Amino acid sequence: MPDARALHRHLSRACRFASGLLAAIAGVMAAPCPACAGEAKVDFNREVRPVLSEYCFACHGPDQEQRKRVKTDLRLDTRAGLAAKLDDIVPVVAGDPAHSAVYQRLCASDLDDRMPPEKTGKRPSAAQVATIKRWIEQGATWEQHWAFVPPARAAAPAVAEVGWPVNDIDRFVLARLEREVLRHAVAATRATLLRRVSLDLTGLPPTPAEVESFAADASPQAYERVVDRLLASPHYGERLAMAWLDGARYADSNGYQADHERAMWRWRDWVIDACNSNMPFDQFTVEQLAGDLLPSATDGQRIATGFNRNHRINTEGGIIPEEWLVETVIDRVDTTGQVWLGLTLGCARCHDHKYDPISQRDFYRLFAYYNRVPEPGMGKEVLAGTPPTMQAPTPEQRTRLATLVAAAVAAQRHAATFASPWQALPISAAKAGKDTRLTKQKDGSVLATKPAEHDTFTVQVTAPAGRLHALRIEALTDPGLPGMGPGTGGDGGFAISAISLAWAGPGGEQAVPITVASLDGVAPASGKEGQASAAWTLAKGGAAHQLVVTPVAPLDLPAGTTLTLTLGFAGKEARRLLGHFRLGFSPSAAFVAPPDQVAAEHELAAAEAARDAYDTALPTVMVMEDMPKPRPTWILQRGQYDKHGDAVEPGTPAAFAPLPPGAPANRLGLARWITDPGNPLTARVAVNRMWERLFGTGLVKSSDNFGAQGDLPSHPELLDWLAIEFVRLKWDMKAMVKIMVMSATYRQASVIDPAQAAADPENRLLAHGPRFRLQAETIRDQALAVAGLLTERVGGPSVRPYQPPGIWDELSNYGNLHNYQHATGPDLYQRSLYTIWKRTTPPPDMVLFDMPSREYCQVRRARTDTPLQALALLNDETFVEAARVLGGLMLGAGGTSSDTRLAYGFRRALARAPSDQELAILRAGFARRLARFRADPAAAQRLVAQGATPADPGQDPVELAAYATVASTILNLDETITKE
Amino acid sequence: MRDPHLPRGACDRRAFLTGAVGGLGLTALGGLAASLHAGDLPATRAVAADAAGGLPGLPHFPAKAKRVIHLFQSGAPSQFETFDYKPELLKLRGKDLPDSVRNGQRLTGMSSGQKSFPVAPSAYGFARAGKSGVWLSELLPHTAGVVDDIAIIRTMYTEAINHDPAITFFQTGSQIAGRPSLGAWVAYALGSENRDLPAFVVLTSNGSGRKNDQPLYDRLWASGFLPGRFQGVKFRNAGDPVLFLNDPAGIDRMLRRDMLDDLGGLNRLRQQAVGDPEIATRTAQYELAFRMQAAVPELTDLGKEPAAVVDSYGPEARTPGTYASNCLLGRRLLERGVRFVQLYHRGWDHHANLPHDIKNQCQDIDQPSAALITDLKQRGMFDDTLIVWGGEFGRTVYSQGELTATNYGRDHHPRCFPLWLAGAGIKAGTVFGETDDFSYNIITPDQKAHVHDLNATILHLLGIDHTRLTYRFQGRDFRLTDVHGEVVKGVLA
């Protein structure tokens, strides 16, 4: 039994976690009550804690400050508190409601005595009060909140209908249905099931070929083969990422005021890749929270930490950086709590949590883990984002870069084979006449930053011993300059309006008459070339160039003489300074290189420029790092950045088990604590979210809150079974999803029986299959796929699909995200998770369908149904074009009769054939509209001209328009935008 | 020819409602029935008889206001050139703001590095206005004409000191994104009076003071954790007035009607097959969308307004997308039963060149705001409509940057700023609260109004107790006013 030891290890870990809690499931107050034998036993967690939490905890709960404020020592959220005697009052006396203050105060007739106080406006029902009474009579058994107790593995229950279950999920579900005397539904049809599982696992509908192949596969393994195919699809990772990005508040902009763009897509692609390679969930977690702290962290592990840099960053002028740094760090704590623990940690920002055992101290100890990133509180408005950042090339880009580096090395070697007359001439001083900052670099060059108009550079060197025949100015590229330089002009060019040379003689400055010439043959020159007062201009940058300054007579200067070169910038192009340069000299008159040497040097310059340009354009991503010396963290009173309370060190909440042995006191330790199999929350929260994605509602409906105020699980044993299974399978996400979709529960038809629905309107007991509206991205992706327009490319920079004109600009002209132009070509049709997301003005067709704004972590989406959604699906260019292109497919690929064409379009969208009645409606509608367009062919022309993809010129516009209207109807069907 | 506004086979409206929409709740049916002919709405006040939606038990007490128009002045208008007369400053011109006044209060990073804080008196004069004799800036002559109808709060205050957090706070009760906006709360609480139009509509305009400044954000009218249908619907100044409202080229009303009939028929078949009542609800949304397509163009067409009414809003009222045009459009929305109209007028962020820019900016808003009051009065709507005018914070008494004989700028100042209220339940012709000689600090501790207090007051006038309008999210009952807010009784009639 290889598993026995693992199970033992798991249990001992679980016990260690539990010991940190106030002894779990302990019936300490239990004194059996003979009078109530035979009465149903009150379940504390299910029936009592929710009442105490709702009506008592706000003042008599975990929040110490609130207890002080209302002047009470009474605490009802702990076992000890319920039994503690205070001034002769005992909250709960087991077996004795008459002497239990809790019960007495709940039903007191005197309003002054009655709890909760009148002014709260809260009042428990008579049934709830009676339950409290019964609970006390039965011995007042106290239990720890269910979600804080490690999951316990229950054996799958016996069921009457033994033939139905496929796996243990079904036994838990069916046992409950049988108990409630409800019937499960029949199995979904093959077509429905294929569409359901394809949408669930890849977010895309099945292709007509996939539909046919599944229909034709009579083997008992046919469905499993489909599931395996879908799990292996690259679109599986996209589908999972869609779910993960909401919680990670992933977006392409900073999210405040100017809302400038910043690049995080390499992190998004990391998530897709990790899901596709089925990275175990614990590793998936550790790498995102603390990949940078792993020993010899890989680039991928560092990119993963972008998770905690996806938060909004304030860049508004005049903000107080400390205030916004605090908001950043708070966002990380809150997000971690919701995504992994299902806890509302953010409630403990200003005061102890009112319902859950999270103190304000706990909150700021968690804060301390995240408060050591070397980041500014005020963000930067550049694409690379706010430090710390890293270069994050894709594998293809890395290969290309290596090629360019090798080419530059080869060019360097080749150039080195020629003897050069030029020797270095170190610059001793470089000063600007105005505000341009000139900085000497390690290689002896000078870099100009903060360029000032009409400036003058004065560059001094010590003249070499011996004869100086010529002076060389090398204009060099630099990644910090616009267009790589060498100039500061927008395109990397420069315009030196005057060049002069002088030496410090005994009688003061002695001007040296000079001529200038381009040395590398690539004409950076001006009309004044060859004149004493020379100029040199370069229209467009991107590569290095050389200029030679030749004294009319060679200079023989005393050793130690100072030579001064002056470069002036004046006239219309006075902003275009020389940005990066170096000097050299030739002691020989033969300084003009032979043509092959010029060519080699030119080649070298070009190779280096190509390498540098590519390197500079590589994608970057914001990442986590820890400062060598961490910032101090204080408890912030009322959550305010400038109200420091006690100093705290990093740590996990006191009510839970401490860090696992050997875990470091940093983010890596926190990540290890979260993924410790003994953590009672992590696995439950994760499997519940998988369940929610497939079934529409989690086993715990409040998938974002597993605390005392959250919902109780509909099937607690099933939830625990799944959580334990997840850990046992080493956090294998694909395996868990497979177990769920293989279940008979999942494979039920989504047909609703009115009588059963009356008993369970939300289908929490799972008497039928899921039926709910598709999420925003899937609605668009499906329309594109059905129309054959979808670009299936996985990953890459964010893209710009259709968006009504002016959506961005009507609210803001700040930042760089304005003047939206939709893409052309394949980018126009890439999946919606790649659509550029500007947080202050997100894509309207996504937001209308309840996609969150991504301004903060949101792990649960609403599902609304509004008239504005109808307008979008009918009139948005995306859907108008998709309908028109689908109409073209119907006409072109749907057979030869209108019936086959109509059925073809229907099948493309719904994976099933229309019924006779349905086909009759389609047929009649098509005929009516065909007649309409025949009468008004101009209208047909207008309709078929919609969208960037041209219609097939061979198709009759009138007929095409009529099919397009049917296609639009099909794309708008409730069934089409619903997962059945 | 069949009426294109009626579904096929449903010439008998009753047959349509009972037969075609099986599974719909009675309330929804009522809403559909009541406003089937939305396109016929007359320009006079006409509201579907049955108010739709809203929470049971609301209003908590009889409401003074049935609807609100919130004229938000984005960017933060200076109090010194508008509503807070400080004659003493003329004598102190150019002198440094005394430390005793500033008292260590935080400044933005834009002026905290200044070596001096020279006092900048208003470049514009003030005069008494109306019977109430309120001091008003010469930049607001039309407002002076209605000053006896409004209540000015001079002592608004907030904690936020930068635009994004401050405006987010003003509109949602929290500086951090994620809470529902004021309008969404009101829509959630009270529902709509017109089934064919959203309960909460947003209109935006750009100021001529400082163009394109400050940005606005979708979150300002978002529904946060409230259901999405309560989010504000932004009417646009160009293109479709409501996103995706217009049918694509080549599809006319008849064709659209025809397509929706097929859609309804097919959906009905699916509902028979799978038994999901949600399908009928979706079909009903398509019908509502169809009616909105008629109702909105009728609404936004100012052509039917009498010329005298349009003219009263000033010369810009005929230019779509201006503040003046939006005030008039706002009135049309209100009279059609829209519960909450939220205007944003940008351009008030005058860090520099304030004397020039604020003059233009005041010109934008002065006549239309006053005309709105007069217009509502003439239509008998003033007494049950609440009008709110103001920005997210005030501005500093000292000049940001150089103070010259003719020019200065002002930085952000959250410690006091003005705002006015008018209409339903408001004590007209009053001034509430006083600031010190520098309009730096509030000197009337009993007469001041925090942003939460204002929001509590707006809800109060709508018949809502702000402490009892809650929504449970993640196990906690959230309020617009968090755990704060006192109704500002001093401005109530």
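Which residue stands opposite B:F126 in β3(B)? The residue is B:S137. The model is predicted; local features require pLDDT of at least 70 and side-chain atom pairs pLDDT 80 or more, whereas totals for chains, interfaces and linings use all residues. Residues are numbered from 1 along each chain as its sequence is written, and chains are lettered from A and ligands numbered from 1 in the order in which they are written.

Strands β2 (residues 126-129) and β3 (residues 134-137) of chain B pair in the antiparallel sense over four bridges. Pairing requires at least two DSSP bridges between two strands. Strands (E, at least two residues) and helices (H or I, at least four) are DSSP runs, numbered from the N terminus. Four residues lie between the strands of this hairpin. B:G130 takes a positive phi near 65° there.

Between the chains, 61 residues of chain B are in contact with 76 residues of chain A. Contact denotes C-beta atoms, placed from the backbone, within 7 Å. On the chain B side, α6 (163-172), α8 (253-274) and α9 (278-300) each give two or more residues. α8(B) gives the most, with eleven residues. By class, this side has 27 nonpolar, 19 polar and 15 charged residues. Here Ala, Val, Leu, Ile, Met, Phe, Trp, Tyr, Cys and Pro count as nonpolar, Asp, Glu, Lys and Arg as charged, and the others, Gly among them, as polar.

The largest nonpolar core has 313 residues. Such a core is a set of buried Ala, Val, Leu, Ile, Met, Phe, Trp, Tyr and Cys residues joined through C-beta atoms within 7 Å. A residue is buried with 20 or more other C-beta atoms within 10 Å of its own, exposed with 12 or fewer, and partly exposed in between; C-beta atoms are placed from the backbone. A:A882, B:V186, B:I387 and B:L421 have the most contacts inside the core. α9(B) supplies its largest share, eleven residues. Leaving aside residues up to four places away in sequence, B:L421 touches B:I150, B:A151, B:L386, B:I387, B:V388, B:I426 and B:V491. A second, separate core of 49 residues includes A:L471, A:L481, A:M484 and A:W536.

In chain A, helix α2 (residues 44-55) has twelve residues. Its first and last C-alpha atoms are 15 Å apart, close to the expected 16 Å, which is 1.5 Å times one less than the number of residues. A:F44, A:V48, A:R49, A:L52, A:S53 and A:Y55 are its buried residues. They pack against α3 (57-60) and α7 (126-137) of chain A.

Conventions: Contact = placed C-beta atoms within 7 Å.
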